[in-house]
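The points are numbered and may be read in order.

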Amino acid sequence: MIPKTYKEVIDLGDGREISIETGKLAKQAHGSVVVQSGKCMLLCTIVSNYHQADVDFLPLTVDYREKFAAAGRYPGGFFKREARPSDGEVLTMRLVDRCLRPLFPKDYHAETQVMIQLMSHDPEVMPDAMAGLAASAAIQLSDIPFETAISEVRVARVNGEFIINPTFAQLEESDIDMMIGASADSVMMVEGEMDEISEEEMVEAIKAAHEAIKVQIDAQLKLAEAFGKKETREYEPEVEDEDLAKKIHEMVYDKTYAIAKAGSAKHERGAAFSEIKEEVFESFSEEEQDELGKLIHKYVAKAQKEAIRNLTLDEGLRLDGRKTDEIRPIWCEVDYLPSTHGSAIFTRGETQALATVTLGTSRDANIIDMPSYEGEERFYLHYNFPPFSTGEARPIRGTSRREVGHGNLAQRALKGMVPEDCPYTVRVVSEVLESNGSSSMATVCSGTMAMMDAGVQLKKPVSGIAMGLISDGDKYAVLSDILGDEDHLGDMDFKVTGTADGITATQMDIKIKGLSYEILVKALIQAREGRLHILEKLTDTITEPNAEVKAHAPKIVTKIIPGEFIGAVIGSGGKVIQELQKETNTTIVINEDPVTEEGIVEILGTDQAGIDKVIATIEAVMFKPEVGSVYEVKVIKMLDFGAVVEYTEAPGNEVLLHVSELAWERTENVSDVVNMGDVFDVKYFGIDPKTRKEKVSRKAILPKPEGWQPRPKRDNNHRGGNNNRRDNRGRDNRNRDHRRDDRKPREDQKED
């Protein structure tokens, strides 16, 4: 029996629709939905344990996976099975997690798992834009405590018009690619890249996305109502002790306020705050510490957070003594590492990033192989965040989701400034060496300088800044260049990157409800002032990209050849190209243009002479002499009937110079006229109709000797002697009558 299903349809306004359905699949999950647009189908489930975990945080896992079967494809690799998530899947997980996590109750600590799976793929639909919608819809159908429904959409702008959840083709034409997450009344998350747009344009895009999100939230609520809205489950809340909270507040607040106002460095300040906490614990007996330890930790942190926030709101001062719009001291250096193709250090306060650049061919491109997208990146950036950067010692277990997300943000910030005709594949790696506030923005700055140092001809340099917001009713403060502690205690964390002419990328997490667009615009304008200040520091260090790559870095030359010569350049089994790479110490990559079918040859090497030899060899392979033209040749082989010569402008191209074409006089021996190694000119006559081989002549460009007479033409009918000599060679005159009489038929011989 097919179960009863419930469905709601969302109209995107341009003929496309998104449907949300429940009741058919995964009914043992606490909530499950199928979200569909076109042929694209996502299955989302949520399950949350009914008992609280013994932790002081929400153990939430958001998992997004794309099944290769959804696109009718096999997974790559030996095992032919989906394994660890790709970077693209990790980025989608982070987008959904950042919207969901703040909406669970602060004291809800049950193990919770959201799983989103791409079950059917449509090449015209981008599935990540529907993942947040699917997650929220599944939660609305469950009994899990959750503050309010949310959704996420992608917004693009094509020809000045905003498009919600664009196709891949539309996104290619867009100057904005942003993912927005929001509830009905508040924007919560923004992430994306732009083509140097203004702050006001960015806010307009957010507004357009928010209106579409409201429609999607309404559909979720209608579906939950039709399905039967469940009563929210009861769970054991955290124990509270108001008297204890008041006592600790009195012990902690003033001391914390004084330390925060002193404007000390990170470790000094951290030690002072820890000393306050130790004093609080020492004021309780061991029995009380055992019983109330978690509450003491909680109330100390709460009082310290309140003191620091009030210092900023009331006096405009911050933990390190700066004003709200002040940027920490910056110093930069380029060409720090002698062996890399490019390097740069960017240090801002207690945050430091060392970036390196490696230049390669198209063979070094980053291959993206996902069910929803296949392609390659000729520019990509990797971000590493080792534990020593924050003074910690902890195990390293692969690349974290945070490292993937921060690296992607920096990559999106910079990639639009890499020129389309850059011949290299460019890999930037950021090593975070110190961190106290926005190492991702330090990565953008160090990456910009490192590429300029490497000789990558960036269109414009890019800088980035991390901003914060502290608000309380009508009072608020926008903080430029936030510290790590300010990120934790603030109401908004947003990072903005751009050139002097506009924004190239952004990432925002907004933690308060009802943030006005006026405050958002003001924060973005303050961020622009900070960006330009930082940009000035970068350009003071390196004014413009180096004109050439470094001497030890590979030079790359791209040459286009007709498609008919691709095979000749490669050679049988790759013999020609392999030997050429070995001889010249270069890397040669040949790709075929799918449109023109021309060969695109990339030659990479550090020695210009080697590159020149490769080019000369390719030109020699493609060399086609023109009929009637004169060419210089060199004798490379002597024969009895002529000399083999090679075109000096196309080494390897050989042709036979017949003995009869050496000179006007009769030549008995080839060596009488030319010898090995001789260089002279010949005229090219094309294909000889008699020999059907290429014909060249030396004598054709020499003056005829005085009195020279051509040899008389040969008369086949006058060879001396009887004119009727050939008469007896007819078919009827072959002396057949004079056969031996004793010659018997074959049959007779067999009988004998």
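1. Does lysine 261 count as buried, partly exposed or exposed? Lysine 261 counts as partly exposed, at 42% relative accessibility. Here buried means under 20% relative accessible area, exposed over 50%, and partly exposed in between, with a 1.4 Å probe and protein chains only.

2. The basis of these comments is as follows. This is a predicted model, in which local features need pLDDT of at least 70, side-chain atom pairs count only at pLDDT 80 or more, and totals for chains, interfaces and linings use all residues. Residues are numbered from 1 along each chain as its sequence is written, and side-chain values use heavy atoms, with hydrogens and water left out.

3. The protein contains 15 helices and 29 strands. Its radius of gyration is 39 Å, well over the 27 Å that the globule rule gives for 752 residues, so the protein is more spread out than a compact globule. The radius is taken over C-alpha atoms, and the rule is 2.2 Å times the number of residues to the power 0.38. Helices (H or I, at least four residues) and strands (E, at least two) are DSSP runs numbered from the N terminus.

4. Along the principal axes, the C-alpha atoms fill a box of roughly 140 × 70 × 55 Å. Of the 752 residues, 49% count as buried. Among contacts with a separation of 6 or more, 68% are between residues 24 or more positions apart; a contact means heavy atoms within 4.5 Å.

5. The whole structure holds 46 salt bridges, each a side-chain nitrogen of Lys or Arg within 4 Å of a carboxyl oxygen of Asp or Glu. One of them joins lysine 261 to glutamate 315 (3.1 Å, N to O). Lysine 261 lies in helix H5 and glutamate 315 in helix H7 (residues 286–315), so the pair ties together parts that are 54 residues apart in sequence. Glutamate 315 is partly exposed, with a relative accessible area of 36%.

6. Helix H5 (residues 242–262) also carries lysine 255, whose side chain meets that of glutamate 279 in a salt bridge (3.0 Å, N to O). Glutamate 279 belongs to helix H6 (residues 266–282), so this pair ties together parts that are 24 residues apart in sequence.

7. Within helix H4 (residues 199–227), lysine 214 and glutamate 211 are three residues apart and thus separated by about one helical turn. Their side chains form a salt bridge (3.2 Å, N to O). Elsewhere, a network of salt bridges links Asp128, Arg154, Asp177, Glu193, Arg412 and Lys415.

8. Ten aromatic pairs are present. Rings of Phe, Tyr and Trp (its six-membered ring) pair if their centres lie within 6.5 Å; planes under 30 degrees apart count as stacked, over 60 as edge-to-face and the rest as tilted. Phenylalanine 168 and tyrosine 373 are stacked, at 6.1 Å centre to centre with 20 degrees between the planes. This pair links distant parts of the chain, helix H3 (residues 168–173) and strand E15 (residues 373–377), with the two residues 205 residues apart.

9. Tyrosine 631 and tyrosine 647 form an edge-to-face pair, at 5.6 Å centre to centre with 85 degrees between the planes. Tyrosine 631 lies in strand E25 (residues 630–639) and tyrosine 647 in strand E26 (residues 642–647), so the pair ties together parts that are 16 residues apart in sequence. Tyrosine 631 counts as buried at 10% relative accessibility, and tyrosine 647 counts as buried at 2%.
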